[in-house]
Amino acid sequence: MPFSTQAILGCMMGSEGFSPGSSEEDPSSDVTATSSKHYLCGYCAAFTNIAVTFPIQKVLFRQQLYGLKTKDAIQQLQKDGIRNLYRGILPPLMQKTTTLALMFGLYEDFSSLLHSHTTAPELLTRSMAAVLAGTTEAVLTPFERVQTLLQDYKHHDKFTNTYQAFKVLKVYGMREYYRGLVPILLRNGPSNVLFFGLRGPIKQCLPEATSYSTHLVNDFICGGLLGAMLGFLFFPMNVVKARMQAQIGGEFQSFSTVFVKIWLERDRKLINLFRGAHLNYHRSVLSWGIINATYEFLLKLL
């Protein structure tokens, strides 16, 4: 089914949330329905992505945490066995589906709110909306925390499922659930600003879509390119996060302290800090391609 360029761009920028009087009968109910649509599409896009890319993410995680080569990380997973391949999928499934629902939904809500109550330029309000959405996502840090523990083979003998991991952390207090919060905050806000800010311009640079299938391909390419770029740019943040969150109990070390420790362990070489980044690049192309294409696909259907 063909879509006009204007309609597609309007959908991408979420302009329907800014259209005054878009429903003559009840504008507020129309805005609410539009807002809910973004949350639902984000949720479903994340579910599809996690189901497809989790094994790749697990290999990448081992490389981030231990500085392993790709071959060694894969061999480590092979030793764990097929039974443990999807071990730890529940936390990212719960976290990512909720996170992306919040990312897309809150971005639209905050954009609409700021646009209605400020006279700042649209670029500024949308950037601020992206930062606010990313900061709100950090509330779900405990899920990333538990995912890290379940994927680390050193903790295999301590717990076997998500519930047990949460139960073990409970002994150390609420703060333990949020270990690694700083790198998550440093990652979420800026990456959201770049993602939402560049998504439209990148798609405009692609050949004009004239059919439903070419729109889907363009959305996949756009999301994949952005995801790969941002994944590489913020890779060191995730390396530090993984190291911080792999610890249970003990001292809460600062972001800078953990970063310096990793830097020294990896011979003060930048290339060693990015070990696993190439796999992350390919995973991000697939992952964010799926997310963006699924999101836009569902957005057009609803």
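Asp267 is exposed, with a relative accessible area of 54%; exposed stands for over 50% relative accessible area, buried for under 20% and partly exposed for values in between, with a 1.4 Å probe and protein chains only. The residue sits in the loop between α12 (255-265) and α13 (270-273), where helices (H or I, at least four residues) and strands (E, at least two) are DSSP runs numbered from the N terminus. Although Asp267 is not a glycine, its phi is positive, at about 60 degrees. Arg268 is found in the loop between α12 and α13 as well, and this non-glycine residue has a positive phi of about 55 degrees. Arg268 is exposed, with a relative accessible area of 58%. Most residues other than glycine have a negative phi.

The model is predicted, so local features require pLDDT of at least 70 and side-chain atom pairs count only at pLDDT 80 or more, whereas totals for chains, interfaces and linings use all residues. Residues are numbered from 1 along each chain as its sequence is written, and side-chain values use heavy atoms, with hydrogens and water left out.

## Overall architecture

The protein chain contains 14 helices and 0 strands. Of its 302 residues, 48% are buried. Among contacts (heavy atoms within 4.5 Å) with a separation of 6 or more, 79% join residues 24 or more positions apart.

The accessible surface of the chain comes to about 14700 Å², of which 65% belongs to carbon and sulfur atoms; areas come from the Shrake-Rupley method with a 1.4 Å probe, and for residues only the protein chains shown count as cover.

## The loop residue Phe159

Phe159 lies in the loop between α6 (141-151) and α7 (162-170). This residue is buried, with a relative accessible area of 1%. Not counting residues up to four places away in sequence, Phe159 touches Arg87, Leu149, Leu150, Gln164, Ala165, Val168 and Ile248.

## Salt bridges

A salt bridge is a side-chain nitrogen of Lys or Arg within 4 Å of a carboxyl oxygen of Asp or Glu, and the count by this rule is 11. Arg126 and Glu122 form one of them, at 3.0 Å from N to O. Both residues belong to helix α5 (residues 122-137) and are 4 residues apart, about one turn of the helix. Arg126 counts as buried at 8% relative accessibility, while Glu122 is partly exposed at 43%.

The side chains of Glu144 and Lys241 meet in a salt bridge at 3.2 Å, N to O. Glu144 lies in helix α6 and Lys241 in helix α11, so the pair ties together parts that are 97 residues apart in sequence. Glu144 counts as buried at 9% relative accessibility, and Lys241 counts as buried at 9%. In helix α14, Glu296 and Lys300 are 4 residues apart, about one turn of the helix; their closest N and O atoms are 3.9 Å apart in a salt bridge. Glu296 and Lys300 are both buried. Salt bridges that share partners join Arg199, Lys203, Asp219, Glu296 and Lys300 into one network.

On a 1 Å grid over the protein atoms alone, a cavity is a set of points where a 1.4 Å probe fits but cannot get out; a pocket is an open set with protein on both sides within 12 Å along at least five of seven lines, and lining residues have an atom within 4 Å of a point. Grid points are joined across faces, edges and corners, and a volume is the space filled by probe spheres set on the points. The whole structure holds 2 cavities of 30 Å³ or more.

The largest pocket holds about 250 Å³ of space. Its lining has 17 residues, with Arg179, Gly180, Met244, Phe252 and Gln253 closest to its centre. The elements α9, α11 and α12 give two or more residues to the lining of the largest pocket.
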